[in-house]
Every structure is written in structure tokens, then in C-alpha cells.
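Please keep the sequence and the model side by side while reading. The paragraphs below move from one local feature to the next.

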Amino acid sequence: MVISERKPMEEILGFLKGCEKVILVGCGQCASACKVGGAPEIEEMTALLEAEGKTVLGSVIPDSTCNLLLNKKELKSVKEQLKEADAVLSLACGDGTQTIMKNTKKQNIPVYPANNTMFIGEVERVGKFEEACKACGECELGWTGGICPVTMCAKGLVNGACGGAKNGKCEVSPDNDCAWVLIYERLKELGQLDNLKEVRPPKDYSKQLNPRRLDANKKASAEA
């Protein structure tokens, strides 16, 4: 899940300076789960903007705002309002915000983010999230007992531990458990401690060159 949090209202109003008429676009998936892009948040943002003298012409919550075609289809519900709008305010993640921009280019109006995209994470419980994946393009979970050293280790080490941990806690962020202590204990439970004897090669950061793309259909055809 993509984890987002709302930007300070002061920053949002800064984006909308000079904009009177606004359309709000949320997201029915990740942003809703994070309580920054669902129906209650759209309603709250509407009230906040109207209190600042803005006019909210309309709003829409696509089921998945980062889905280009679905986004385009659901934006049709505010097609007429887009003709009058000075700006679109996205209550989705950064990906969703860019998808909205691509689908509103013809209207030539700016799309501004209401949220900061924080990380890819897991839901610990309702409203509480923990970063779980850096999307590095070279997954290490197969030999670390399912614990990601790139994300969980503050230094992103693939040949740990660094030696600075104390009482099982990270020297960089003492509130966090040392990832390599967790990895060691997990591999011990699995009877796979031999995994730690192999020196791993440095990460291939060429796999993180931005922007990245993946054509799953083309890959499947090539493998068929």
C-alpha cells in the first residue's frame, strides 16, 4: 500500500493562491485507507476551502486514482465543472496526482497535491502503518527470512550487521530494532543461518533509474 499523509493546510492554500474554483479528486484505495483521500476527507477539505472563500465545483473519488484508464473514465463525472475550474486538488498519492494531471491536460488547468506520499508500507492496524518496501527492483527477501534489509536497516546494508547496534536496537534510530538482529533471529528459527555466510554483491542501483516502467503483457508474451 502507498502511504500518504495530508500536507499542512497553509501549503495547500499556497498552491491555490489566486484560484477561486476548485475540483477535488480523492482515491478509493490507499489514500482512503490512510484517511486522507476518502469521502470524509473530501467533505472536510470542502469545508476548509469554502471557509477560505474558495468554491468547490465538484468532487470525485475514483476507485483507483493511479489507474490511468479508470481515472479518465471517472473524471467524466466532473467534465463540465473542469471547464470552469481554476485548479484540481488531488487527495491521492503522488502517482494518483500525476495520473489526474495526464487526464486533465486538455483542460490546461493545474493539478495540486493535498498529500505527501510517504512510503510503501503495511497496515499494522487501522490508521497505523509501517514502511515495508523501497521498491528497489532487486528483492532480497528470499535469503533474509522475509525481512527487508534495504528498508528495515537505516543504512540499507545487504551485508550486515554494521556493528553499531546496542541491545538489539539501531544506532541510527534507537527506537527501531536492528534489522540484522531480526534477520539473524528469523534465519535461526528457519534453520537457514548459512545464508549469512555468503557475501552479497552491492545493490544494482541501475534498476532504480527513474522513471521506471514495466510492460507485464509484453514480458508475458516473450516468455510464452
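What follows takes up a strand hairpin, a pair of helices and several loop residues.

The model is a predicted one, in which local features need pLDDT of at least 70 and side-chain atom pairs count only at pLDDT 80 or more, while totals for chains, interfaces and linings use all residues. Residues are numbered from 1 along each chain as its sequence is written, and side-chain values use heavy atoms, with hydrogens and water left out.

One of the bridges joins Glu 122 to its partner in E7, Glu 130. Two residues lie between the strands of this hairpin, and Gly 127 takes a positive phi near 85 degrees.

Turn next to helices H4 and H6, whose axes come within 9 Å and cross at roughly 60 degrees; the axes are lines fitted to C-alpha atoms over the stretch in contact, and angles run from 0 to 180 degrees between N-to-C directions. That angle makes H4 oblique to H6, a label for angles that are not under 35 degrees (roughly parallel), over 145 (roughly antiparallel) or 65 to 115 (roughly perpendicular). Leu 68, Asn 71, Lys 72 and Leu 75 of H4 meet Gly 96, Thr 99, Ile 100, Lys 102 and Asn 103 of H6, where contact means heavy atoms within 4.5 Å.

The loop between strand E3 (55-60) and helix H4 (68-75) holds Ser 64. Is Ser 64 buried or exposed? Ser 64 counts as buried because its relative accessibility is 18%, given that buried means under 20% relative accessible area, exposed over 50% and partly exposed in between, with a 1.4 Å probe and protein chains only. Leaving aside residues up to four places away in sequence, Ser 64 touches Cys 27, Gln 29 and Leu 70.

Asn 108, with a phi of about 55 degrees, sits in the loop between helix H6 (94-103) and strand E5 (111-113) and is exposed at 68% relative accessible area. Ala 135, with a phi of about 50 degrees, lies in the loop between E7 and H7 and, at 31% relative accessibility, is partly exposed.

Finally, a cis peptide bond with omega of about 5 degrees joins Gly 160 and Ala 161, and Ala 161 is placed in the loop between helix H7 (149-152) and helix H8 (179-190).

Terms used
Two strands pair if DSSP finds at least two bridges between them. Helices (H or I, at least four residues) and strands (E, at least two) are DSSP runs, numbered from the N terminus.
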